[in-house]
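Trainee: I have a model open and want to learn how to read it. Could you take me through it?

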Amino acid sequence: MHCPFCRHADSRVIDSRTAEDGASIRRRRQCPSCGRRFTTLETSSLTVVKRSGASEPFSRDKVVAGVRKACQGRPVSDDDLALLAQQVEEAVRASGAAQIDAHEIGLAILGPLRQLDEVAYLRFASVYSSFSSLEDFESAIATLRSDRSDRDPDSSAGSDDGEASGRADRAGSASLGGAVEPEQAPAH
Ligand SMILES: [Zn+2]
């Protein structure tokens, strides 16, 4: 690692510590030539492949920017968005792949966003899953309702299993989103 001050071709590691979330290592380095110290941050590389075929490094900021639109006017704070982006990064890194499709990031957003705000979730899902009709919204809302009553059996009066096959696609994408929620991932 070159010294950022004098461009000396070498540097000495004087301290290493794992960041709180375990996803990166901070190294304190000292230049043997000019003696100045600097810090490097080491993370495993994670490349996102876009639909166009172009690739770019994973960015939490881009996750936040994508979700922020869906959260307009909703009681969602910047801290909430930062935490969501962290959960998304942990989920996609947990797969162990160095390269992922942009589509998988959208999928990883659905679960935590649903926990955060159901209206924002519906907005995001409607764009991500290309809802094209009122029926798409209805089935997504039906899935949210039935999952709620699964969690709380006392309020299951309105659930209707006759519709189950009709909403299987939407339910599938929603529950896939749920499956990559960090609290359900085995990594910790
Ligand atoms: Zn130097």
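Mentor: We will take a sheet, then a pair of helices. This is a predicted model, where local features need pLDDT of at least 70, side-chain atom pairs count only at pLDDT 80 or more, and totals for chains, interfaces and linings use all residues. Residues are numbered from 1 along each chain as its sequence is written, and side-chain values use heavy atoms, without hydrogens and water.

Trainee: In what order do the strands of the open sheet lie?

Mentor: Strands of a sheet pair through backbone hydrogen bonds, either parallel or antiparallel. Here 3 strands form an open sheet, ordered β1-β2-β3, with antiparallel pairing. Strands (E, at least two residues) and helices (H or I, at least four) are DSSP runs, numbered from the N terminus. Two strands pair if DSSP finds at least two bridges between them.

Trainee: Which strands stand at the edges?

Mentor: β1 (12-18) and β3 (37-43) do; each has a single partner strand, so one side of each lacks a neighbour in the sheet.

Trainee: Over how many bridges do β2 and β3 pair?

Mentor: Strand β2 (residues 24-30) pairs with β3 over 7 bridges. R29 has F38 in β3 as its bridge partner.

Trainee: At what angle do α4 and α5 pack?

Mentor: Two packed helices are described by the angle between their axes and the distance between the axes. Helix α4 (residues 118-128) and helix α5 (residues 134-151) pack at about 140 degrees, with axes 11 Å apart. Axes are lines fitted to C-alpha atoms, for helices over the stretch in contact; angles run from 0 to 180 degrees between N-to-C directions.

Trainee: Which residues of α4 meet α5?

Mentor: E118, Y121, L122 and S126 in α4 meet F137, A140, I141, L144 and R148 in α5. Contact means heavy atoms within 4.5 Å.
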